[in-house]
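Please look at the structure below and follow the explanation with the model in view.

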Amino acid sequence: MYVDKLTKIITEVCPATVKYTGCHYVSDGILESIEIMEIVAEIEEVFDIMIAPQYIVPEYFESIETLEKMIQDVKKATKG
């Protein structure tokens, strides 16, 4: 659903993800805190959402799929 946009954001913020073949950006040390904050800013801009602090946890930044889940969770929370 959001894979293409998220892939673009991730690769622009952290070019190391282009060659990365694993599945855990944070656990494997590919993404660090400063990059996570840059990704949050980009996601907020691209998807026109505000990401509350409770969503800025390593579990949501492990992969494109977990980032997609975060966006869906944020959107559900703001609709309610």
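Asp73 is in contact with Tyr55 and Tyr60, leaving aside its neighbours within four places in sequence; contact means heavy atoms within 4.5 Å. The model is a predicted one, in which local features need pLDDT of at least 70 and side-chain atom pairs count only at pLDDT 80 or more, while totals for chains, interfaces and linings use all residues. Residues are numbered from 1 along each chain as its sequence is written, and side-chain values use heavy atoms, with hydrogens and water left out.

Asp73 lies in helix H3. Helices (H or I, at least four residues) and strands (E, at least two) are DSSP runs, numbered from the N terminus. With a relative accessible area of 14%, Asp73 is buried. Here buried means under 20% relative accessible area, exposed means over 50%, and partly exposed is in between (1.4 Å probe, protein chains only).

Now turn to helix H1, residues 3–13, whose buried residues are Leu6, Ile9, Ile10 and Val13. They cover an arc of only 95° around the axis, which puts them on the same side of H1. The arc is that of the directions from the helix axis to the C-beta atoms. An α-helix has 3.6 residues a turn, so residues three or four places apart point the same way. On the face of H1 turned away from its buried side are the exposed residues Asp4 and Lys8.

What covers the buried residues of H1? The cover includes helix H2 (33–47) and helix H3 (64–79). One of the buried residues, Ile10 in helix H1, has a relative accessible area of 2%.

Next come the pairs of helices. H1 and H2 pack at an angle of about 145°, with their axes 10 Å apart. Axes are lines fitted to C-alpha atoms, for helices over the stretch in contact, and angles run from 0 to 180 degrees between N-to-C directions. In this contact, Lys5, Leu6, Ile9, Ile10 and Val13 of H1 meet Glu35, Glu38, Ile39, Glu42, Ile43, Val46 and Phe47 of H2. The residues of the contact of H1 with H2 divide into eight nonpolar, no polar and four charged. In this count Ala, Val, Leu, Ile, Met, Phe, Trp, Tyr, Cys and Pro are nonpolar, Asp, Glu, Lys and Arg are charged, and the others, Gly among them, are polar.

Glu42, in helix H2, counts as partly exposed at 30% relative accessibility. Leaving out residues up to four places away in sequence, Glu42 touches Ile9 and Val13. The C-alpha atoms of Glu42 and Ile9 are separated by 6.8 Å, although the residues are 33 apart along the chain.

H1 and H3 pack at an angle of about 115°, and their axes are 10 Å apart. That makes H1 roughly perpendicular to H3. Angles under 35 degrees count as roughly parallel, over 145 as roughly antiparallel, 65 to 115 as roughly perpendicular and the rest as oblique. The contact is made by Val3, Leu6, Thr7 and Ile10 of H1 and Ile64, Leu67, Glu68 and Ile71 of H3. The residues of the contact of H1 with H3 divide into six nonpolar, one polar and one charged.

The remaining pair is H2 and H3, which pack at an angle of about 55° with their axes 12 Å apart. H2 and H3 are therefore oblique to each other. From H2, Ile39, Ile43 and Phe47 meet Leu67, Met70, Ile71 and Lys75 of H3. Six nonpolar residues, no polar and one charged make up the contact of H2 with H3.

Two loop residues complete the tour. Apart from neighbours within four places in sequence, Cys14 is in contact with Ile30, Leu31 and Glu35. Asp48, in the loop between H2 and H3, counts as exposed at 70% relative accessibility. Asp48 also has a positive phi of about 50°, although it is not a glycine. Most residues other than glycine have a negative phi.
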